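Subject: Handover of a protein structure

Dear colleague,

Please find below the structure that I am passing on to you.

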Amino acid sequence: MEQTKMRILSAAAKLFDIHGYHGTSVRKIAEEADVNVALISYHFQGKQGVLETLMASYFETLFRLLGEQEATLASAPVWQRLEQVVRLYVLFHCEHAAITRLIQRELSVESMLAREVMTLYMSRYKHGLASVLEYGIGTGEFQTCSVDRVVLGVTSHIVYPLLHPQMVRQVYELEPASEEFSDWLYTSVLDFLRVSLLPDSRSSTLFHE
């Protein structure tokens with residue numbers, strides 16, 4: 001049973017990424033997964049149930065990894081903690097690029113599902129970054145700044161290239177699914193954070209209070 005559910009979820013993620021949620025039928029998911037269409041209703045109560053399961057699995061996996069990392073880095077220097085949190089976010093988003101794109105597309109449309117995702121997951125998503133930033137500001141290791149704006153800047157920095165893979169290929173001449181791209185993205189986000197947070201970096205007023 002578990003293998004069947006995973007096949008359905010994998011097929012749906014692929015088709016949602018190519019055709020969009022509304023452009024993908026339950027029958028197409030069943031064909032891609034090579035299962036009887038009735039099994040989708042049985043396991044997920046329909047297409048929206050598949051989408052909700054994909055989203056829940058995505059966020060809960062990320063939060064579990066963040067929790068495990070926090071436990072191992074609790075006594076590490078704050079910049080090292082921030083580096084590792086950023087690396088986790090970048091690698092997770094790149095490894096799950098199709099679901100990242102799907103979630104961002106759904107969040108861009110006003111809907112009950114988007115509101116539920118925002119309520120259930122986005123504050124926890126923000127907390128993974130914000131907690132380290134707030135700690136560093138509190139100890140004086142980071143410059144005082146708007147944490148919300150920095151988190152928004154980091155999230156946009158990571159997500160935007162994944163939403164526009166063709167731009168990455170044409171403008172940056174990188175393959176979005178490559179290790180080279182994830183390394184470049186990680187380095188780029190850290191450069192942004194150095195300027196925004198570290199007193200001895202080049203002055204930036206955009207994110208300061």
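Two residues are taken to be in contact when they have heavy atoms within 4.5 Å of each other. Among such contacts in the protein chain between residues at least 6 apart in sequence, 68% join residues at least 24 apart.

Before the details, a note on the basis of this account. This is a predicted model, in which local features need pLDDT of at least 70 and side-chain atom pairs count only at pLDDT 80 or more, while totals for chains, interfaces and linings use all residues. Residues are numbered from 1 along each chain as its sequence is written, and side-chain values use heavy atoms, with hydrogens and water left out.

Overall architecture

The protein chain contains 10 helices and zero strands; helices (H or I, at least four residues) and strands (E, at least two) are DSSP runs, numbered from the N terminus. Along the sequence, the pattern is therefore α-α-α-α-α-α-α-α-α-α. Taken along the principal axes, the C-alpha atoms fill a box of roughly 60 × 35 × 30 Å. Of the 209 residues in the protein chain, 46% are buried, where buried means under 20% relative accessible area, exposed over 50% and partly exposed in between (1.4 Å probe, protein chains only). The accessible surface comes to about 11300 Å², and 52% of that surface belongs to carbon and sulfur atoms; these areas come from the Shrake-Rupley method with a 1.4 Å probe.

The packing of α1 and α4

Helix α1 (residues 2–19) packs against helix α4 (residues 47–73) at an angle of about 95°, and their axes are 10 Å apart. Axes here are lines fitted to C-alpha atoms, for helices over the stretch in contact, and angles run from 0 to 180 degrees between N-to-C directions. Helix α1 is therefore roughly perpendicular to α4, a term that covers angles of 65 to 115 degrees. On the α1 side, the contact involves I8, L9, A12, A13 and F16, which meet K47, V50, L51, T53 and L54 in α4. These residues divide into eight nonpolar, one polar and one charged; Ala, Val, Leu, Ile, Met, Phe, Trp, Tyr, Cys and Pro count as nonpolar, Asp, Glu, Lys and Arg as charged, and the others, Gly among them, as polar.

Two residues with positive phi

Q45 lies in the loop between α3 (38–44) and α4. Its phi is near 60°, a positive value in a residue other than glycine, and Q45 counts as exposed because its relative accessibility is 64%. E173, in the loop between α9 (165–171) and α10 (179–197), has a phi near 55°, again a positive value in a residue other than glycine. With 68% relative accessibility, E173 counts as exposed.

Yours sincerely

Technical notes. Parallel < 35°, antiparallel > 145°, perpendicular 65-115°, else oblique.
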